[in-house]
Amino acid sequence: MKLIAVCFTIVLFFSTATLYSGETNLEGDSLRETINYGTDNEIAELIKKLRADGIDYLDDDMIELAEKTKNQNILTGIFSFFNEREKRGLEKTALQILNGRENEMPQKINAALDYLGAVKEREALPVIMEIIKQDDTRFHNAAINALGKIRYSEMEETDGGAADVTEVLIDYSNNRNPGGGTREAIIFALGGGGKDALPFLTGIINGEDQSVPIRMAALGAAGRIKNDDALDMIIASAASADPNIRFAAVDALAAFSGERVDAMILEGFRDIYFKTRLAAVRAAKTRRLKDAVPYLRYRVEKDEAAAVREEAVLALGAMGDAQTDALLFQLAGNEKISDGLRSLCAEMLVKNNADEYAEKIIAALNDAKAKKLTNLYKGLLKALSAAKTNKVENLTARLFASKDVSEKFYALDMTANNRFTAFRDEVEKLTKDKNISISERAKKTLEKLDD
């Protein structure tokens, strides 16, 4: 009996060990079972989980499901999930729906159009134009919106060519009585063509009888065309009495260059309307306008709008020179600005020059922990997790030893970014963790170590 009891104990021990070592696989299998056999409601709940947890390792399974399912709710849910991440992989399915649209439900057609626009699929341009030319208006808005996201200026002449598309869009605006939203979409789409649209756009921008949203859309389209023939008109609009027109004009100026453009962008930093200031900051970022640096510093420290403050930090980070990086480091240590902004400054420094600033940021991290500044500590740690430098190796070891799951995630990121092979054993242990998210991250980290 004792022998039987011992044998039973051994079997039970190994069975239990097998169960726990395979728990991650069981959880992963459970998610795949939902994909393989779930109802549309169950798939919707699964997508919520994937979205919330940032899980992407099931994308191939979702693509396979999209290719074979006839369930409209499942398919549109998958399109939406991929759409918001601009994730490719469903182009074939979407094009099949559009080409066979006479046998498809409207919801699927609109979802396919939205997706193809999100991933900027140029092969969809001919069928999109077919839809716009047809009398059935149910899909026109989605088709025009998709067209606006895909630059049609590079269309092959065999598909009609950009000039023909411009003509079709202008004719639609002038003669088919589109609603306000559709007309704005048409005007935005014209920015994806060429200068043939400029006379039409100029008439709208200068037309006092036109609504402000329509004029704003025309300014945005003129900026996307990037033709100097539109510059005088855009600069004049940047001095408009209407704040929204000023905002749209300064935003459009990011595509141009020259002293007049620089001067108007800098003037935008002084605008009372926060969106115009935000547009000026973004234009300075796009242009890497060094004359804007003192304006940007002032906005980081003083602007009343959080969006302007954050964008100003990103603009400083985009400058990419030692002097501006030194300014960012000063701002990172400025206790008068928020912990979020200080952490964002650290992110820019890690991105621009991790070798120079990693150790200094680690010192600030340790200080934040000692002072129990939790938000700042987490923000600086997140910044350091993206560092590509061996100067974070000791910090990585410390994070692996932590009991905090989030810190182990950061340790894995640092290991992957720097190929710290010294931590291979730690990574392998985490591939068997009960937490599926961390086990999958560990597996991906091992793959990078083996590359």
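The buried residues of α7 are covered by, among others, α5 (72-85), α6, α8 and α9 (140-149). Buried here means under 20% relative accessible area, with exposed being over 50% and partly exposed in between (1.4 Å probe, protein chains only). The helix names come from DSSP runs, numbered from the N terminus: helices are H or I over at least four residues, strands are E over at least two.

Before going on, a word on what you're looking at. This is a predicted model, where local features need pLDDT of at least 70 and side-chain atom pairs count only at pLDDT 80 or more, while totals for chains, interfaces and linings use all residues. Residues are numbered from 1 along each chain as its sequence is written, and side-chain values use heavy atoms, with hydrogens and water left out.

**The whole chain**

There are 26 helices in the chain and zero strands. Along its principal axes, the C-alpha trace spans about 95 × 60 × 35 Å. Of the 451 residues, 48% are buried. Contact means heavy atoms within 4.5 Å; among contacts between residues at least 6 apart in sequence, 63% join residues at least 24 apart.

**Back to α7**

Helix α7 has 13 residues and reaches 18 Å from its first C-alpha to its last, close to the 18 Å expected at 1.5 Å a residue. That expected span is 1.5 Å times one less than the number of residues. The buried residues in α7 are K108, I109, A111, A112, L113, Y115, L116, G117 and A118.

How does α6 (residues 91-99) pack on α7? The two sit at an angle of about 135 degrees, with their axes 9 Å apart. That makes α6 oblique to α7. Axes are lines fitted to C-alpha atoms, for helices over the stretch in contact, and angles run from 0 to 180 degrees between N-to-C directions. Angles under 35 degrees count as roughly parallel, over 145 as roughly antiparallel, 65 to 115 as roughly perpendicular and the rest as oblique.

On the α6 side, E91, A94, L95, I97 and L98 meet K108, I109, A112, L113, Y115 and L116 of α7. The residues of this contact divide into nine nonpolar, no polar and two charged. For that count, Ala, Val, Leu, Ile, Met, Phe, Trp, Tyr, Cys and Pro are nonpolar, Asp, Glu, Lys and Arg are charged, and the others, Gly among them, are polar.

**Two lysines with positive phi**

K120 and K226 each have a positive phi in a residue other than glycine. K120 follows α7.

T445 is in helix α26 (residues 436-450), and at 3% relative accessibility T445 counts as buried. Leaving aside neighbours within four places in sequence, T445 is in contact with L412, T415, A416 and V427. L316 is 129 residues from T445 in sequence and 31 Å from it in space, C-alpha to C-alpha.

A368 is in helix α21 (residues 339-370) and is buried, with a relative accessible area of 1%. Not counting residues up to four places away in sequence, A368 touches L373, L376 and Y377. K378 is ten residues from A368 along the chain, and their C-alpha atoms are separated by 9.1 Å.
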